[in-house]
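This briefing covers one structure, shown below. Please have the sequence and coordinates to hand while reading.

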Amino acid sequence: MRIKKFVTAIVLASVLFSTALLEAVHAGTPYEAYNYNYWEEAVASPAAFVPSRAVSGQDLGIGPFVEPNDMVIGHDGSIYVADTGNKRIVVINAQWEVERIIDSAPGIGEFGTISGIFVDADGDLYIADSGLSKLIVLSKTGEVRLVIDKPQSDIIAAGFKFTPTKVAVDEAKRMYVVANGVFEGIMQFDADGSFLGYIGTNEVKRDYYEIFWRLFSTKEQRSQMVLFIPTEFSNLDIDHKGFVYATNIDLNSLTPIKRLNPSGEDVLKRYGYFEVRGDIRYRTSVGPSIFVDIKYLGDGLYSALDSNQGKVFTYDAEGNLLFIYGMLANQAGTFKTPVAIEYDGENQLVLDRAKGNINVFKPTKFGKLVLQASRLHYNGYSEEAVPIWQQVLDLNSNYDIAYIGIGRSLVLAKQNEEAIFYFKQGMERDQYSVAYKRYRREEMKEQFSTIMTTIVILVIVTAGLMIWRKLRRNRRKAAVSHSVGRDQAL
Amino acid sequence: MKQELIDFPLRVMFKPFSSFWDLKYDNKGSIRASIIIIALTIIALILQKQFAGFLVNYTDPRLINSLQDIVTVVVPFLLWVVANWSITTLMDGEGKFTEIVKVTAYSLTPLVIVYVPLTFISRYMAQEETAFYYLMLSIASLWFVWLLFVGIMTVHQYTVLKTIVTMLLTVIVMGIIVFLGALVLSMLYQIYDFLYNIYRELLFRT
């Protein structure tokens, strides 16, 4: 009896501890994952990315990173970190080993302040050095291929100081450079380094209140007022079509993220429930999202890094907010001063300047499914996306985009009645209307004979009733007039 | 009842001048029917919020509160009636309080007549047809204002201009009443607070 009790105790204890272990493994993220619903409320959602590891300079055996400013992943999977404080660029291979350290360029010497780096498809490394006021292009073998220090053009003022901070390169090797003190937009350079022009000027917003006060102020007062200048871009990336995704840090802008076509127009799709601007609800003391980096994930998806609250916002090609993760804190998997975000095809990497480390986030099942379904949808495989959206709904039944995705596929499959249900769940009115119109037409066609029969019967019955009533009234009138006549006669 | 609740409101809608004249001098219409019409308006509004088609219904279903809907009809109605009576008393209006109540209530008829079937039809509308829905809603509102205008003009025996001025003044007075009400309430609360504090002071003094 006692042995039995003892055994039971051990078994129970082991069960208890194993579940405890399991829970430790599945311990939640340090941040609360959420998303916004149709009513613009933040609702809890499963996490899409969870922290998997944090890599610092010490871990790599090269001494701590000092104020690293940028990070980029090459096409071969190696990670380039601009270790600005140490005046070097660290190249890490996919196995997280240091491959090489670039600390000088032949003919130029030591780097100044490396603000931004980019690696193109051929492995050429583009370095925006704001300290040296140079844009340096190094080939894969380490030779200097090109240096831009004084862009020449009629539209550039004579005393212009070129201070490049961020750079991105498209497939034709055209360089897009964000530079300090340039309000005209993003500087565009040809492959051989000649200045092509500016694209994508941020427009100055008119502030009617200010204009009103300007009317009544003297010249001296006016000279003391704030100048209205367009805001500068903060970072940029290039998609597979050569369109530029750019972020700016204008606090009041509803369009902090732009997608610029070759002629510099903003063509970002904003078909979601709300603006593509990060957090749509925030405390006034905290302020809106400030985007410092953006990463194109392929298939129209992009992630933008908000330094104000340390969050990463991922959108799909149509401007739907897919998920949000991250926060500012001291725990592992949180940020202090996030400066750059990268994507290696599966994991997302965030570089933290203050902590001097790279945070690696791996997708959860939920995150993987959402990305997979969005990619399928973007490429036109709506039908193949349906089972994946169904799985997404199993994990998060509040996920409106999944409902809409299923609805769209159902419309294509001419299952309009089911599509109506899904669009209603996803609060998608335009698509709902399309599906409903088709459904209504089908129903009308099907029920045409019934409807017509009912109408004909109703018409006949009403007409019959009216005739009968009229006849009866006439008869009564005749009877009354008859009686009146008789009374008079009597 | 049938006469004052069905025949008369329908006549009001299409022949407002003669009907309101009858209301004033022939004692047509009743307070009881007026209350029923207000209740029907409330029901029409509630039905609209609950059952209007998905494409035109932007109400958050979690926030539907019928008690609140009742308040949003009854309170402005009472405010309007009281404010109008106060203003017209000063401006030589001939209307009695009950007449103002009846006129205002009977003016609501188009809302009831239009809202209920429209709510039903809106469930079978596609996006392009919703313009018709909003058009009908505006017509109903304008119709209501028109009836109210004619009614006020008739019961007070005003000219057109004077009626417009009075109606605008009534709206202003409604605001003043709300303001005064809030003022009185806050004052009462402060008095209560004051007395309560004295009570507590005495309690702890012993």
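The points below cover a helix pair, a chain contact and the overall form of one chain.

The model is predicted. Chain B has 8 helices and 0 strands. Helix 7 (residues 400–412) of chain A and helix 8 (residues 416–425) of chain A have axes that come within 8 Å.

**Helix pair in chain A**

- The axes of helix 7 of chain A and helix 8 of chain A cross at roughly 160°.
- Angles over 145 degrees count as roughly antiparallel, and helix 7 of chain A and helix 8 of chain A are therefore roughly antiparallel to each other.
- The crossing of helix 7 of chain A past helix 8 of chain A is left-handed.
- Helix 7 of chain A contributes Y403(A), I404(A), I406(A), G407(A), L410(A) and V411(A) to the contact, and helix 8 of chain A contributes N416(A), E418(A), A419(A), Y422(A), F423(A) and Q425(A).
- By class, the residues of this contact are 8 nonpolar, 3 polar and 1 charged.

**Contact between the chains**

- Chain A gives 9 residues to the contact and chain B gives 6 residues.
- Helix 9 (residues 429–446) of chain A supplies 7 residues, the largest share of the side of chain A that touches chain B.
- That side of chain A comprises 3 nonpolar, 1 polar and 5 charged residues.

**Form of chain B**

- Along the sequence, chain B reads α-α-α-α-α-α-α-α.
- The radius of gyration of chain B is 21 Å, whereas a compact globule of 206 residues would have one near 17 Å.
- The C-alpha trace of chain B spans about 75 × 50 × 35 Å along its principal axes.
- Buried residues make up 32% of the 206 residues of chain B.
- Of the contacts in chain B with a separation of 6 or more, 79% join residues 24 or more positions apart.

Note on methods:
Residues numbered from 1 in each chain as written. Chains lettered and ligands numbered in written order. Predicted model: local features only at pLDDT ≥ 70, side-chain atom pairs only at ≥ 80, totals over all residues. Axes fitted to C-alpha atoms, helices over the stretch in contact; angles between N-to-C directions. Helix = DSSP H or I, 4+ residues; strand = E, 2+ residues; numbered from the N terminus. Parallel < 35°, antiparallel > 145°, perpendicular 65-115°, else oblique. Left-handed = near helix turned anticlockwise from the far one by under 90°. Contact = placed C-beta atoms within 7 Å. Nonpolar A, V, L, I, M, F, W, Y, C, P; charged D, E, K, R; others polar. Rg over C-alpha atoms; globule rule 2.2 N^0.38 Å. Buried ≥ 20, exposed ≤ 12 C-beta atoms within 10 Å, placed from the backbone.
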